[in-house]
Amino acid sequence: MIKSQEETPLFSAMKEYNSKNIIPFDVPGHKQGKGLKEFTDYFGQTIMQIDVNSSKPMDNLSNPIGVIKEAENLMAELFWADSAFFLVNGTTAGIQAMIMSACNPGDKIILPRNVHKSAINGLILADAIPAYIEPEIHDKLGISLNISIEKMEQAIIRNPDAKAILITNPTYYGFSADLKKIVQLAHQNNMAVLVDEAHGTHFNFSRDFPSSGMNAGADMSTISFHKTGGSLTQSSALLLIEGIIDKNHVKAVLNITQTTSSSYLLMSSLDVARKNLALNGQEEFKRILKLSRYARDEINKIDGLSSFGKELIGIDGACGFDETKLAIKVNEIGLTGLEVYDILRDQYNIQMEFGDSYHTLAVISLGDTQENIDKLILALKDIVKRYKKEPIILDKVTLHNPEVIVTPRNAFYSHRKLKKLEDCEGDISAEFIMAYPPGIPIITPGERISKDIIEYIIFLKEQKSMLTGSEDPYVNNINVLGF
Ligand SMILES: Cc1ncc(COP(=O)(O)O)c(C=O)c1O
């Protein structure tokens with residue numbers, strides 16, 4: 001029987017299973033919490049009792065035919081997909097599975113250079129060859145936007161043999177590309193469209209949000225339900241529209257990357273969060289958009305602070321903007337975004353999502369209230385009063401287009417050695433170095449390190465930019481190929 005969106009097949013089955021007081025001679029070995037008393041005393045008996053293993057009544061994520069399948073079908077229906085796959089290892093697992101499903105070893109994939117590192121790791125797993133596109137940069141804000149349609153057209157012309165295009169929708173800062181046009185171009189050229197929708201789970205619930213991947217007709221999308229859909233951390237979903245990609249192949253790939261002991265806590269949180277969005281999503285995101293607009297307006301009234309928004313729509317790389325991403329530009333008060341991120345947590349008890357050199361970013365979502373937004377605004381006003389000094393002047397972001405010498409997979413599996421940054425000119429990088437801002441990798445595995453790149457990394461370090469990805473957290477050394 002087809003279930004309705006008011007139902008929660010998996011969560012309901014879990015409650016029923018729990019009510020039967022079954023004696024567990026299977027794993028997990030804590031046996032309903034009795035074997036982990038301190039933890040159980042803190043979190044409560046129920047949460048431990050429902051930490052169960054796969055069984056006939058509870059179904060199995062590796063080959064769902066029962067209550068998990070029913071819950072996945074409801075997820076697919078709500079998100080306009082043909083199939084949905086629950087993920088218990090975050091969107092990371094979904095992005096890797098999308099790349100491995102769309103590309104055979106040696107196949108080419110077009111992707112923006114500011115992709116999340118899970119996509120670069122997906123290239124390593126799939127042995128896919130990247131054809132990178134540089135995203136647009138907003139010079140005044142110092143951040144990367146999304147991909148312009150012109151650059152996408154050029155990339156498709158330059159790489160007619162590519163099997164897929166991966167797009168981030170939206171970027172960390174909230175910018176979307178013209179996804180519908182990209183899907184049209186891709187399909188005309190027999191390329192699949194894979195969407196990293198880690199930050200866009202909520203897009204189907206208001207016309208004021210950019211188009212979702214499934215709405216635009218993309219072949220696959222992975223949504224971080226745990227980020228803006230309300231489920232528990234690590235729970236995500238891979239959505240598929242069948243045609244170019246076969247659903248049984250996706251299932252086989254997911255069985256390579258996912259655990260055989262999937263958490264029922266995570267999966268049932270997806271089931272309940274899906275029901276909540278189905279019944280209340282439109283109303284809730286109307287409220288959240290109202291809060292986001294209020295917060296943005298109030299921040300823009302504070303002398304020295306600003307928060308960009310929908311006024312940027314229409315420039316290259318900003319076909320759409322998600323107003324729930326509230327980036328607060330703080331450099332005019334003489335502080336970096338990272339400093340304000342720390343000050344807010346340590347002195348005002350406010351945890352932001354992210355800080356870069358110029359911005360600190362709040363994600364406004366389901367649990368947010370007017371009261372908490374007001375606390376953030378008050379704290380920001382106080383910070384301006386206490387700390388305001390000379391502005392930090394933004395330097396123009398420089399993009400380098402490093403030469404790809406070997407595939408990410410070959411670079412990953414080659415011999416490597418750690419070498420002093422200053423001595424790496426001409427070497428091939430074995431690792432990934434990312435800078436915020438602008439949120440674009442400076443170098444990825446398999447690319448040649450030029451003199452310009454070394455000088456740029458030194459410059460970013462002097463600027464106290466946040467550099468991530470390398471083994472040496474201070475990036476004084478880089479792993480390069482060789483003995
Ligand atoms: C753009 C983007 N893609 C993918 C991911 C990975 O998602 P998850 O943390 O759910 O594995 C993230 C995580 O922050 C992200 O920002």
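User: In what order do the three strands of the open sheet run?
Analyst: The order is β12-β14-β13, with antiparallel pairing; strands are DSSP E runs of at least two residues, helices H or I runs of at least four, numbered from the N terminus, and two strands pair if DSSP finds at least two bridges between them. This is a predicted model, where local features need pLDDT of at least 70 and side-chain atom pairs count only at pLDDT 80 or more, while totals for chains, interfaces and linings use all residues. Residues are numbered from 1 along each chain as its sequence is written, and side-chain values use heavy atoms, without hydrogens and water.

User: Which strands stand at the edges?
Analyst: β12 (325–329) and β13 (354–355) do; each has a single partner strand, so one side of each lacks a neighbour in the sheet.

User: How many bridges join β13 to β14?
Analyst: Two, with β14 covering residues 359–363. Phe354 has Leu361 in β14 as its bridge partner.

User: Switching to helices, at what angle do α1 and α4 pack?
Analyst: About 150°, for α1 (residues 9–19) and α4 (residues 67–78), with axes 7 Å apart. Axes are lines fitted to C-alpha atoms over the stretch in contact, and angles run from 0 to 180 degrees between N-to-C directions. That makes α1 roughly antiparallel to α4 (angles under 35 degrees count as roughly parallel, over 145 as roughly antiparallel, 65 to 115 as roughly perpendicular, the rest as oblique).

User: Which α1 residues meet α4?
Analyst: Pro9, Leu10 and Ala13 meet Val67, Ile68, Glu70, Ala71 and Leu74 in α4, contact being heavy atoms within 4.5 Å.
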